[in-house]
Amino acid sequence: MQRHLVFTNGRSGSNYLAGLINRHPQLVNYGEVLGEWTIPYRIYEKLMINKLSMADYLNYLYSSRSFFYLSQIYSAFAHLQKSKKVNLKRWRAIQSLGIKDFSMNFTRRGLRNYLREQPDIKVICLYRENHLERYISYLNLQQSGVVSLEKGSSEGNSPPNFKVNVPIDILIRELETIERETLEQLEIVRELSPERVYKIRYEDLFSSAEKRILIQSEMFDFLEVETLDIQGSSRKILSKQMADIIENYDDFYQALKQTKYEKFLNH
(Lines give C-alpha, C1' and ligand atoms only; values in the text may rest on other atoms or scores of the structure.)
Protein backbone atom coordinates (compact mmCIF):
# COMPACT_ATOMS: atom_id res chain seq x y z
CA MET A 1 0.00 0.00 0.00
CA GLN A 2 1.26 3.47 -0.85
CA ARG A 3 1.39 6.39 1.57
CA HIS A 4 0.51 10.05 1.12
CA LEU A 5 0.37 13.29 3.09
CA VAL A 6 -1.70 16.42 2.56
CA PHE A 7 0.87 18.94 3.78
CA THR A 8 -0.78 22.25 4.54
CA ASN A 9 -1.58 24.93 7.12
CA GLY A 10 -4.78 26.15 8.74
CA ARG A 11 -7.57 27.79 6.71
CA SER A 12 -6.14 26.55 3.41
CA GLY A 13 -8.91 24.21 2.24
CA SER A 14 -7.48 20.96 3.60
CA ASN A 15 -10.80 19.70 4.98
CA TYR A 16 -12.30 20.06 1.53
CA LEU A 17 -9.37 18.27 -0.11
CA ALA A 18 -9.34 15.43 2.42
CA GLY A 19 -13.07 15.04 1.80
CA LEU A 20 -12.43 14.57 -1.92
CA ILE A 21 -9.77 11.97 -1.16
CA ASN A 22 -12.01 10.03 1.21
CA ARG A 23 -14.82 9.91 -1.34
CA HIS A 24 -12.58 7.88 -3.64
CA PRO A 25 -13.08 4.10 -3.07
CA GLN A 26 -9.32 3.40 -3.27
CA LEU A 27 -8.17 6.12 -0.89
CA VAL A 28 -8.29 6.87 2.83
CA ASN A 29 -7.01 9.96 4.59
CA TYR A 30 -7.17 10.04 8.40
CA GLY A 31 -7.01 13.81 8.65
CA GLU A 32 -5.01 15.60 11.34
CA VAL A 33 -3.08 13.45 13.82
CA LEU A 34 -0.44 15.78 15.32
CA GLY A 35 -2.64 18.33 17.11
CA GLU A 36 -3.43 18.02 20.82
CA TRP A 37 -7.14 18.14 19.92
CA THR A 38 -7.02 15.02 17.71
CA ILE A 39 -8.09 11.62 19.03
CA PRO A 40 -5.03 9.71 17.70
CA TYR A 41 -2.63 12.12 19.39
CA ARG A 42 -4.54 11.98 22.68
CA ILE A 43 -4.23 8.18 22.60
CA TYR A 44 -0.52 8.48 21.78
CA GLU A 45 0.04 10.79 24.76
CA LYS A 46 -1.76 8.48 27.19
CA LEU A 47 -0.55 5.08 26.01
CA MET A 48 2.62 5.52 23.98
CA ILE A 49 4.51 8.38 25.57
CA ASN A 50 8.21 7.52 25.99
CA LYS A 51 7.63 4.32 24.02
CA LEU A 52 7.39 5.58 20.45
CA SER A 53 9.10 8.53 18.84
CA MET A 54 6.90 10.90 16.88
CA ALA A 55 8.28 9.43 13.65
CA ASP A 56 7.43 5.92 14.87
CA TYR A 57 3.98 7.15 15.86
CA LEU A 58 3.29 8.35 12.31
CA ASN A 59 4.72 5.17 10.80
CA TYR A 60 2.43 3.15 13.07
CA LEU A 61 -0.64 5.05 11.86
CA TYR A 62 0.40 4.43 8.27
CA SER A 63 0.92 0.69 8.77
CA SER A 64 -1.59 -0.48 11.39
CA ARG A 65 -4.61 -2.45 10.19
CA SER A 66 -6.10 -2.21 13.67
CA PHE A 67 -6.01 1.58 13.57
CA PHE A 68 -7.40 1.52 10.02
CA TYR A 69 -10.49 -0.45 11.01
CA LEU A 70 -10.99 1.49 14.24
CA SER A 71 -10.97 4.70 12.20
CA GLN A 72 -13.47 3.19 9.76
CA ILE A 73 -15.81 2.30 12.64
CA TYR A 74 -15.42 5.77 14.16
CA SER A 75 -16.11 7.41 10.78
CA ALA A 76 -19.20 5.24 10.24
CA PHE A 77 -20.55 6.16 13.68
CA ALA A 78 -19.97 9.88 13.01
CA HIS A 79 -21.76 9.62 9.66
CA LEU A 80 -24.72 7.82 11.23
CA GLN A 81 -25.03 10.54 13.86
CA LYS A 82 -25.31 13.13 11.07
CA SER A 83 -27.63 10.93 8.97
CA LYS A 84 -24.99 10.70 6.24
CA LYS A 85 -24.19 7.76 4.01
CA VAL A 86 -21.76 5.26 5.55
CA ASN A 87 -18.97 4.06 3.28
CA LEU A 88 -16.89 1.41 5.03
CA LYS A 89 -13.70 0.46 3.19
CA ARG A 90 -11.53 -2.65 3.31
CA TRP A 91 -7.77 -2.56 3.84
CA ARG A 92 -7.15 -4.65 0.72
CA ALA A 93 -9.10 -2.20 -1.46
CA ILE A 94 -6.98 0.81 -0.50
CA GLN A 95 -4.31 1.94 -2.92
CA SER A 96 -3.00 4.86 -0.86
CA LEU A 97 -3.37 5.65 2.84
CA GLY A 98 -2.64 9.09 4.22
CA ILE A 99 -2.95 11.82 6.77
CA LYS A 100 -3.20 15.59 6.50
CA ASP A 101 -1.47 17.97 8.84
CA PHE A 102 0.06 21.38 9.23
CA SER A 103 3.71 22.10 8.46
CA MET A 104 3.91 24.02 11.76
CA ASN A 105 2.95 20.79 13.59
CA PHE A 106 5.73 18.89 11.85
CA THR A 107 8.19 21.53 13.04
CA ARG A 108 7.03 21.73 16.64
CA ARG A 109 6.86 17.94 16.96
CA GLY A 110 10.46 17.56 15.86
CA LEU A 111 9.44 16.12 12.48
CA ARG A 112 11.17 18.72 10.30
CA ASN A 113 13.14 15.98 8.49
CA TYR A 114 10.48 13.26 8.57
CA LEU A 115 9.50 13.56 4.92
CA ARG A 116 13.10 13.47 3.74
CA GLU A 117 13.59 10.28 5.77
CA GLN A 118 10.43 8.65 4.36
CA PRO A 119 11.03 8.83 0.58
CA ASP A 120 8.02 6.66 -0.30
CA ILE A 121 5.45 9.17 1.03
CA LYS A 122 3.82 11.21 -1.72
CA VAL A 123 3.18 14.80 -0.67
CA ILE A 124 0.20 16.91 -1.73
CA CYS A 125 1.32 20.43 -0.81
CA LEU A 126 -1.78 22.59 -0.37
CA TYR A 127 -0.96 26.23 0.31
CA ARG A 128 -2.75 29.57 0.34
CA GLU A 129 -0.90 32.52 -1.17
CA ASN A 130 -3.27 35.23 0.07
CA HIS A 131 -2.10 35.63 3.67
CA LEU A 132 -4.70 38.30 4.33
CA GLU A 133 -7.70 36.16 3.32
CA ARG A 134 -6.30 33.27 5.32
CA TYR A 135 -6.10 35.45 8.43
CA ILE A 136 -9.63 36.79 7.94
CA SER A 137 -10.86 33.20 7.52
CA TYR A 138 -9.14 32.31 10.80
CA LEU A 139 -10.81 35.25 12.56
CA ASN A 140 -14.17 34.21 11.14
CA LEU A 141 -13.64 30.73 12.57
CA GLN A 142 -12.74 32.19 15.97
CA GLN A 143 -15.61 34.66 16.12
CA SER A 144 -18.41 32.71 14.42
CA GLY A 145 -17.40 29.12 15.24
CA VAL A 146 -18.10 27.98 11.68
CA VAL A 147 -15.38 25.67 10.30
CA SER A 148 -16.94 24.95 6.90
CA LEU A 149 -20.35 24.93 5.27
CA GLU A 150 -22.02 21.94 3.68
CA LYS A 151 -23.48 22.52 0.25
CA GLY A 152 -27.23 22.92 0.40
CA SER A 153 -27.24 23.25 4.17
CA SER A 154 -27.36 26.13 6.62
CA GLU A 155 -26.33 23.95 9.56
CA GLY A 156 -23.72 25.74 11.65
CA ASN A 157 -23.95 28.81 9.45
CA SER A 158 -23.16 32.19 10.95
CA PRO A 159 -25.87 34.90 10.83
CA PRO A 160 -26.29 36.37 7.32
CA ASN A 161 -25.08 39.82 8.44
CA PHE A 162 -22.18 38.50 10.56
CA LYS A 163 -19.03 40.61 10.31
CA VAL A 164 -15.48 39.96 11.49
CA ASN A 165 -13.81 42.39 13.87
CA VAL A 166 -10.08 42.62 13.09
CA PRO A 167 -7.71 43.42 16.01
CA ILE A 168 -5.74 46.24 14.36
CA ASP A 169 -2.93 46.37 16.94
CA ILE A 170 -1.71 42.86 16.09
CA LEU A 171 -2.77 42.68 12.42
CA ILE A 172 0.67 43.06 10.83
CA ARG A 173 2.30 40.72 13.34
CA GLU A 174 -0.30 38.03 12.65
CA LEU A 175 0.15 38.38 8.89
CA GLU A 176 3.91 38.04 9.29
CA THR A 177 3.39 34.82 11.25
CA ILE A 178 1.13 33.41 8.55
CA GLU A 179 3.64 34.39 5.87
CA ARG A 180 6.45 32.61 7.76
CA GLU A 181 4.33 29.47 8.06
CA THR A 182 3.75 29.37 4.31
CA LEU A 183 7.41 30.03 3.50
CA GLU A 184 8.49 27.24 5.87
CA GLN A 185 5.93 24.85 4.36
CA LEU A 186 7.24 25.49 0.84
CA GLU A 187 10.85 25.29 2.01
CA ILE A 188 10.30 21.81 3.46
CA VAL A 189 8.70 20.69 0.21
CA ARG A 190 11.59 22.08 -1.86
CA GLU A 191 13.91 19.67 -0.05
CA LEU A 192 12.03 16.71 -1.57
CA SER A 193 12.44 15.24 -5.04
CA PRO A 194 9.92 16.91 -7.43
CA GLU A 195 8.28 13.62 -8.49
CA ARG A 196 7.13 13.09 -4.89
CA VAL A 197 5.25 16.38 -4.71
CA TYR A 198 2.00 17.69 -6.18
CA LYS A 199 1.40 21.36 -5.37
CA ILE A 200 -2.08 22.87 -5.16
CA ARG A 201 -2.77 26.56 -4.63
CA TYR A 202 -5.92 27.23 -2.63
CA GLU A 203 -6.71 30.07 -5.00
CA ASP A 204 -6.65 27.69 -7.99
CA LEU A 205 -8.68 24.99 -6.26
CA PHE A 206 -11.56 27.37 -5.60
CA SER A 207 -11.29 29.54 -8.71
CA SER A 208 -13.82 27.62 -10.83
CA ALA A 209 -15.55 24.26 -11.21
CA GLU A 210 -13.41 23.51 -14.27
CA LYS A 211 -10.18 24.15 -12.39
CA ARG A 212 -11.32 22.03 -9.45
CA ILE A 213 -12.08 19.09 -11.76
CA LEU A 214 -8.65 19.43 -13.40
CA ILE A 215 -6.83 19.54 -10.04
CA GLN A 216 -8.86 16.60 -8.78
CA SER A 217 -7.96 14.57 -11.87
CA GLU A 218 -4.26 15.43 -11.57
CA MET A 219 -4.29 14.57 -7.87
CA PHE A 220 -5.81 11.14 -8.47
CA ASP A 221 -3.24 10.50 -11.21
CA PHE A 222 -0.52 11.54 -8.76
CA LEU A 223 -1.87 9.04 -6.20
CA GLU A 224 -2.06 6.39 -8.95
CA VAL A 225 -5.76 5.67 -8.63
CA GLU A 226 -8.64 5.76 -11.08
CA THR A 227 -9.72 9.27 -12.04
CA LEU A 228 -13.28 9.88 -10.85
CA ASP A 229 -15.41 13.02 -10.86
CA ILE A 230 -16.16 13.37 -7.17
CA GLN A 231 -18.16 16.30 -5.86
CA GLY A 232 -16.87 18.06 -2.77
CA SER A 233 -19.35 18.63 0.04
CA SER A 234 -18.12 21.95 1.38
CA ARG A 235 -18.22 25.48 0.07
CA LYS A 236 -16.25 28.59 0.90
CA ILE A 237 -17.44 30.53 3.94
CA LEU A 238 -16.09 33.92 2.91
CA SER A 239 -17.39 34.70 -0.56
CA LYS A 240 -17.98 38.44 -0.18
CA GLN A 241 -15.67 41.43 -0.60
CA MET A 242 -13.62 42.29 2.51
CA ALA A 243 -15.42 45.61 2.89
CA ASP A 244 -18.64 43.63 3.30
CA ILE A 245 -17.38 41.18 5.92
CA ILE A 246 -15.05 43.28 8.10
CA GLU A 247 -16.74 45.36 10.78
CA ASN A 248 -13.91 47.88 11.24
CA TYR A 249 -12.91 48.00 7.58
CA ASP A 250 -11.74 51.65 7.51
CA ASP A 251 -9.21 51.08 10.32
CA PHE A 252 -8.26 47.76 8.72
CA TYR A 253 -7.60 49.44 5.37
CA GLN A 254 -5.50 52.22 6.91
CA ALA A 255 -3.38 49.69 8.84
CA LEU A 256 -2.52 47.85 5.62
CA LYS A 257 -1.95 50.90 3.47
CA GLN A 258 1.65 51.22 2.25
CA THR A 259 2.60 47.80 3.66
CA LYS A 260 3.52 44.76 1.60
CA TYR A 261 0.12 43.26 2.45
CA GLU A 262 -1.82 46.07 0.76
CA LYS A 263 -1.68 44.12 -2.52
CA PHE A 264 -4.05 41.51 -1.07
CA LEU A 265 -6.80 44.10 -0.68
CA ASN A 266 -7.29 44.11 -4.44
CA HIS A 267 -7.78 40.34 -4.77
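Reader: At what angle do helix α8 and helix α12 pack?
Author: This is a predicted model, where local features need pLDDT of at least 70, side-chain atom pairs count only at pLDDT 80 or more, and totals for chains, interfaces and linings use all residues. Residues are numbered from 1 along each chain, and side-chain values use heavy atoms, without hydrogens and water. Helices (H or I, at least four residues) and strands (E, at least two) are DSSP runs numbered from the N terminus; axes are lines fitted to C-alpha atoms, with angles from 0 to 180 degrees between N-to-C directions. For α8 (171–190) and α12 (249–256), the axes lie 10 Å apart and the angle is about 65°.

Reader: Which residues of α12 make the contact with α8?
Author: Contact means heavy atoms within 4.5 Å. Leu171, Ile172 and Leu175 contribute from α8. Their partners in α12 are Phe252, Ala255 and Leu256.

Reader: How many residues of helix α1 are buried?
Author: Buried means under 20% relative accessible area, exposed over 50%, partly exposed in between (1.4 Å probe, protein chains only). Tyr16 and Leu17 are among the buried residues of α1. Of its nine residues, the buried ones number seven.

Reader: What is the relative accessible area of Asp56?
Author: Asp56 sits in helix α3 (54–63). Asp56 is partly exposed because its relative accessible area is 38%.
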